[in-house]
Amino acid sequence: MPAPRLSAAASILSAVAVGTLLVGCSVSVSTGKSTPKLSADKLATTVSERLAATTGQPKPEISCPEDLAGKVGTTTRCKLTASDGSTLGVTVTVSSVDGDKINFDIKADNTASPAAG
């Protein structure tokens, strides 16, 4: 019997789990504004770069639906879309704010969703 094929998102999740990548992963971004806010595009780019650096994999496609407000405890949900179309949810939570720097943690869901179709 052939071994089951893992989706690309599941493979990324496996790499994340092995390296305990996202548990306690903290990122600091300077916004340059008096009221810190990180645009959805910049957030997606930063999350993608952090995942790539931590897993040693190419930067995944990340989309975030909203800007991240610099208030401790604020969360948003982003989505990682793998090359095969499978997806993985990613939660971003503001852990601290230092002036115009927003520090946040990234945590991936435990289960990937298969590609549609």
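The model is predicted: local features need pLDDT of at least 70, side-chain atom pairs count only at pLDDT 80 or more, and totals for chains, interfaces and linings use all residues. Residues are numbered from 1 along each chain as its sequence is written, and side-chain values use heavy atoms, with hydrogens and water left out. The protein has two helices and seven strands. Helices (H or I, at least four residues) and strands (E, at least two) are DSSP runs, numbered from the N terminus.

**Overall fold**

- Read from the N terminus, the order of elements is α-β-β-α-β-β-β-β-β.
- Of the 117 residues of the protein, 39% count as buried. Buried means under 20% relative accessible area, exposed means over 50%, and partly exposed lies in between (1.4 Å probe, protein chains only).
- The protein exposes about 6,600 Å², and carbon and sulfur atoms supply 51% of this area. Accessible areas come from the Shrake-Rupley method with a 1.4 Å probe; for residues, only the protein chains shown count as cover.
- Among contacts between residues at least 6 apart in sequence, 54% join residues at least 24 apart. A contact here means heavy atoms within 4.5 Å.

**Strand pairing**

- Strands β3 and β5 pair in the antiparallel sense over three bridges. Two strands pair if DSSP finds at least two bridges between them.
- S63 has K79 in β5 as its bridge partner, and K79 in turn has G89 in β6 as a bridge partner.
- Strands β5 and β6 run antiparallel and are joined by seven bridges. One of the bridge pairs is T81 with T87 of β6.
- β5 and β6 form a hairpin with five residues between them, and G85 in the turn has a positive phi of about 90°.
- Strands β6 and β7 are also antiparallel, with eight bridges. T93 has D105 in β7 as its bridge partner.
- The hairpin of β6 and β7 has two residues between the strands, and G99 in its turn has a positive phi of about 65°.
- In a regular strand the side chains alternate between the two faces of the sheet.

**The disulfide**

- The structure holds one disulfide, which joins C64 to C78 with an S to S distance of 2.1 Å. A disulfide is counted when a pair of cysteine sulfur atoms lies within 2.5 Å.
- C64 lies in the loop between β3 (61-63) and β4 (68-69) and C78 lies in strand β5, so the pair ties together parts that are 14 residues apart in sequence.
- The torsion about the S-S bond of C64 and C78 is about 105°, so the disulfide is right-handed.
- C64 is buried, with a relative accessible area of 11%, and C78 counts as buried at 4% relative accessibility.

**The nonpolar core**

- The largest nonpolar core has 21 residues, of which L43, V47, I62, L68 and F104 touch the most other members. A nonpolar core is a set of buried Ala, Val, Leu, Ile, Met, Phe, Trp, Tyr and Cys residues joined through side-chain atoms within 4.5 Å.
- The elements that give two or more residues to this core are α2 (40-55), β5 (75-81), β6 and β7 (101-108). Helix α2 gives the most, with five residues.
- Not counting residues up to four places away in sequence, I62 touches A44, V47, S48, L51, C78, K79 and L80.

- T91 lies in strand β6 (residues 87-98). T91 counts as partly exposed because its relative accessibility is 22%.
- Leaving out residues up to four places away in sequence, T91 touches T75, T76, R77, D105, I106, K107 and D109.
- The side chain of T91 makes a polar contact with the side chain of R77 (2.6 Å). A polar contact is a pair of N or O atoms within 3.5 Å; within protein, one must be able to donate a hydrogen and the other to accept it, and residues adjacent in sequence count only if both atoms are side-chain atoms.
- T91 and C64 are 27 residues apart in sequence and 9.8 Å apart in space, C-alpha to C-alpha.
- P36 lies in the loop between β1 (25-30) and β2 (37-38), and P36 is buried, with a relative accessible area of 11%.
- P36 and G70 are 34 residues apart in sequence, with 4.9 Å between them in space, C-alpha to C-alpha.
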